[in-house]
Amino acid sequence: MKKYFYLFLSNIFLFIIFPIIRLISKKFYEKNILPKLINFTCNSGPINYQRKKIIPNANGKVLEIGIGPGSNLKHYDNTKVTSILGIDPSEELNQIAKKRAVKYNLNIEFLIESASNLSVENNSIDTVVSTYALCSIPEPEKTLQEIKRVLKNDGIFIFSEHGLSPDKNVSFVQNTTDSFYPKIAGGCHTNRNIEKLIFDNGFEFIELNNIYLPGTQKFLGYNYWGKAKVESK
Ligand SMILES: C[S@@+](CC[C@H](N)C(=O)[O-])C[C@H]1O[C@@H](n2cnc3c(N)ncnc32)[C@H](O)[C@@H]1O
């Protein structure tokens with residue numbers, strides 16, 4: 001019962017209240033509501049559970065793309081990680097991440113920039129991390145090329161992303177809501193085929209898993225997570 005009430009309430013916000021507020025003032029919505037919405041939704045129990053599965057694999061010099069509110073910070077193993085560079089174009093989310101970062105003993109630097117045009121040197125990063133970011137970055141192909149460029153030869157790309165479901169009824173909802181959902185969700189496209197994107201852009205999977213996140217609407221919750229390396233670099 002509680003589950004259905006939560007589902008009903010989240011649909012009211014997602015499909016009625018947020019679109020109306022954004023229609024009235026896009027600037028107000030994007031500055032005051034969206035960062036809080038991202039911080040709230042990205043810290044749900046099932047998403048944090050996914051973070052715990054992958055983030056402790058990060059080692060050495062780490063680049064986290066689309067770091068947003070810094071929700072992965074608590075999961076890094078500071079005995080393995082030497083430094084973290086967190087990049088994101090959102091000033092508002094960056095402020096939240098900076099506040100969060102003071103709680104953890106990590107050597108971290110933040111940069112306001114786009115993952116599709118990184119100011120990072122070639123072959124300089126041991127681990128690139130992307131969680132729930134490839135859905136929102138406007139140029140995911142260019143971003144994956146940038147990840148390839150900055151990774152060292154033996155570097156790894158670790159990810160947990162949501163995207164296109166293999167189930168026709170779910171992908172139908174993902175494709176039909178794509179005309180407006182990205183507008184209220186910071187550019188988030190729920191219908192990107194993450195596996196194909198990573199593979200087609202020159203990565204080999206070391207590990208790839210899929211699941212529907214429990215307690216999450218199916219069109220939002222088809223999750224891909226794992227590790228990849230640059231194809232025979
Ligand atoms: C759904 S949030 C996920 C945030 C964070 N990665 C997490 O796991 O909670 C999507 C993030 O992608 C970021 N983003 C959007 N466009 C971007 C770009 N061009 N380059 C890097 N990050 C971008 C947004 O600012 C936002 O922080």
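**Reading the model, starting at the ligand**

Q: Which residues are closest to the ligand, and how many surround it?

A: Keep in mind that this is a predicted model. In it, 24 residues surround the ligand, and the closest are C42, G66, G68, S114 and T131.

Q: Let's zoom out. What is the chain built from?

A: You'll find 8 helices and 7 strands in the chain. The C-alpha trace spans about 45 × 40 × 30 Å along its principal axes.

Q: How does the radius of gyration fit with a compact globule?

A: The idea is to set the chain beside what its length would predict. For 233 residues, a compact globule would come out near 17 Å, and the chain has 17 Å, so the two agree. Buried residues make up 38% of the chain. Of the contacts with a separation of 6 or more, 70% are between residues 24 or more positions apart.

Q: Now a single helix. Which residues of α4 are buried?

A: Here's the general idea: an α-helix has 3.6 residues a turn, so residues three or four places apart point the same way. In α4, which covers residues 91-101, the buried ones are L93, N94 and A97. They sit on the same side of the helix because their arc around the axis is only 100°.

Q: What covers the buried residues of α4?

A: The cover includes helix α2 (26-41), along with strands β2 (81-87) and β3 (108-111).

Q: How about a strand? How many residues of β4 are buried?

A: For a strand, count the buried residues along its length. In β4 (residues 125-131), 6 of the 7 are buried, so the rest of the structure largely encloses this strand.

Q: Which strand do 4 bridges join to β4, and does the pair run parallel or antiparallel?

A: That's β1 (residues 60-65), and the two run parallel.

Q: How many bridges join β4 to β5?

A: There are 6 bridges between β4 and β5 (residues 151-162), and this pair runs parallel. Here I125 stands opposite L151 in β5.

How values were computed. Residues numbered from 1 in each chain as written. Predicted model: local features only at pLDDT ≥ 70, side-chain atom pairs only at ≥ 80, totals over all residues. Rg over C-alpha atoms; globule rule 2.2 N^0.38 Å. Buried ≥ 20, exposed ≤ 12 C-beta atoms within 10 Å, placed from the backbone. Contact = placed C-beta atoms within 7 Å. Near = placed C-beta within 6 Å. Arc of directions from axis to C-beta. Pairing = 2+ DSSP bridges.
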